[in-house]
Amino acid sequence: MHYYGNETIMSLEQVLRLKPSEVRILEWVRTYEFLENSFGIDESVPYFLEIKLEAEGVRIRKNRIMEFPEFSCEEERSFADVEQAIKVFHEWAQQILSKREGE
C-alpha cells in the first residue's frame, strides 16, 4: 500500500479486504496498474479501479489502461453510501483477478 497526497494505492488483493470504515478514513483508494505473478514479477493488468468519497456520495470507476500512463474510464457508478459502493468495487476487483488466473 502506498500513499500519494490524498490517494491510497493498494493491490487488488488488498482491495478485496477493504472495509467501508477504511474507505471513509482514506477517502480515495485506487488499485495498482500491476499484479505480482507467481514468480514475484510484476505484470500489467488491463484495469485499475478507484473508489472515492465525494460531497454527494461515493463514486467508483473502472479504468482501462491504454498505454501506460494513458487510460480511459470504462465504467463509472455513483452510490449514496460506502456500503453499496464497496460491494460493486469488490466485484470488479474479483473479476479482474479471476481473468488473470484464467490466463
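This is a predicted model: local features need pLDDT of at least 70, side-chain atom pairs count only at pLDDT 80 or more; totals for chains, interfaces and linings use all residues.

Me: Why is Thr 31 called buried?

Reply: The cut-off for buried is under 20% relative accessible area. Thr 31 has 0% relative accessibility, so Thr 31 counts as buried.

Me: What makes Thr 31 part of a strand?

Reply: A strand is a DSSP run of E, at least two residues long. Strand S3 covers residues 28-31, and Thr 31 lies in it.

Me: How do you know that the side chain of Thr 31 reaches Leu 49?

Reply: A polar contact needs N or O atoms within 3.5 Å. The side chain of Thr 31 reaches the backbone nitrogen of Leu 49 at 2.9 Å. That pair meets the cut-off.

Me: Which residues is Thr 31 in contact with, leaving aside neighbours within four places in sequence?

Reply: Contact means heavy atoms within 4.5 Å. By that test, the partners of Thr 31 are Ile 9, Met 10, Leu 12, Val 15, Phe 48 and Leu 49.

Me: What is the secondary structure of the whole chain?

Reply: The chain has 3 helices and 8 strands. Along the sequence they follow the pattern β-β-α-α-β-β-β-β-β-β-α.

Me: Why is the chain called as compact as a globular protein of its length?

Reply: The globule rule gives 13 Å for 103 residues. The radius of gyration of the chain is 13 Å, close to that value, so the chain is as compact as a globular protein of that length.

Me: How many of the residues count as buried?

Reply: Of the 103 residues, 40% do.

Note on methods. Residues are numbered from 1 along each chain as its sequence is written. Side-chain values use heavy atoms; hydrogens and water are left out. Helices (H or I, at least four residues) and strands (E, at least two) are DSSP runs, numbered from the N terminus. Buried means under 20% relative accessible area, exposed over 50%, partly exposed in between (1.4 Å probe, protein chains only). A polar contact is a pair of N or O atoms within 3.5 Å; within protein, one must be able to donate a hydrogen and the other to accept it, and residues adjacent in sequence count only if both atoms are side-chain atoms. The radius of gyration is taken over C-alpha atoms; the globule rule is 2.2 Å times the number of residues to the power 0.38.
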